[in-house]
Structures are given as structure tokens and as C-alpha cells.
Amino acid sequence: MHILKCPSCMLYGLKETCACGSVRVRVKPAKYSPEDKYADYRRKAKQDVGRQDV
Ligand SMILES: [Zn+2]
């Protein structure tokens with residue numbers, strides 16, 4: 001699953017087009033992070049997706 005992020009309103013989603021009309025960009029995966037410092041971002045993104053448009 002690829003999480004996309006809108007560069008305009010900074011909201012996450014799975015659709016390429018944001019509700020604001022901007023094109024979302026793919027968020028880079030945290031391959032080389034042993035402590036997984038992006039885990040919190042992923043959780044937040046998942047919550048945002050749930051609240052938004054998917
Ligand atoms: Zn947006």
C-alpha cells in the first residue's frame with residue numbers, strides 16, 4: 001500500500017488527487033530506519049485516511 005501526501009494541505013490519502021484539487025505525492029518508505037521512527041507517521045496517516053476520502 002502506498003500512502004500519498006498532499007503537498008498543499010499536508011493531508012494523507014490513497015487517492016492521487018486530494019480533496020483540495022492538488023496531486024498527492026508518494027511518501028518515501030522508511031527502509032533504513034531500525035528504530036522505525038516513521039511508525040508514528042504511518043499510524044497518523046492511517047487515521048487520516050480513515051477520516052478522509054477512502
Ligand atoms: Zn490537499
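Visitor: Why does H2 count as exposed?

Guide: In this predicted model, H2 has 9 C-beta neighbours inside 10 Å, and since a residue is exposed if 12 or fewer other C-beta atoms lie within that distance, H2 counts as exposed.

Visitor: What makes strand 1 and strand 2 a pair?

Guide: Strand 1, which covers residues 4–5, and strand 2 are joined by two bridges in the antiparallel sense; because two strands pair if there are at least two bridges between them, these two strands pair. Within this arrangement, L4 stands opposite G13 in strand 2.

Visitor: In what order do the three strands form the open sheet?

Guide: The order is 2-1-3, with antiparallel pairing. Strand 2 (12–13) and strand 3 (25–26) each have a single partner strand, so they stand at the edges, and one side of each is left without a neighbour in the sheet.

Visitor: Which elements does the protein have, from the N terminus on?

Guide: The elements run β-β-β-α, in keeping with a protein of one helix and three strands.

Visitor: How many of the residues of the protein, in percent, count as buried?

Guide: Of the 54 residues, 9% count as buried, a label that requires 20 or more other C-beta atoms within 10 Å.

Conventions
Residues are numbered from 1 along each chain as its sequence is written. This is a predicted model: local features need pLDDT of at least 70, side-chain atom pairs count only at pLDDT 80 or more; totals for chains, interfaces and linings use all residues. Helices (H or I, at least four residues) and strands (E, at least two) are DSSP runs, numbered from the N terminus.
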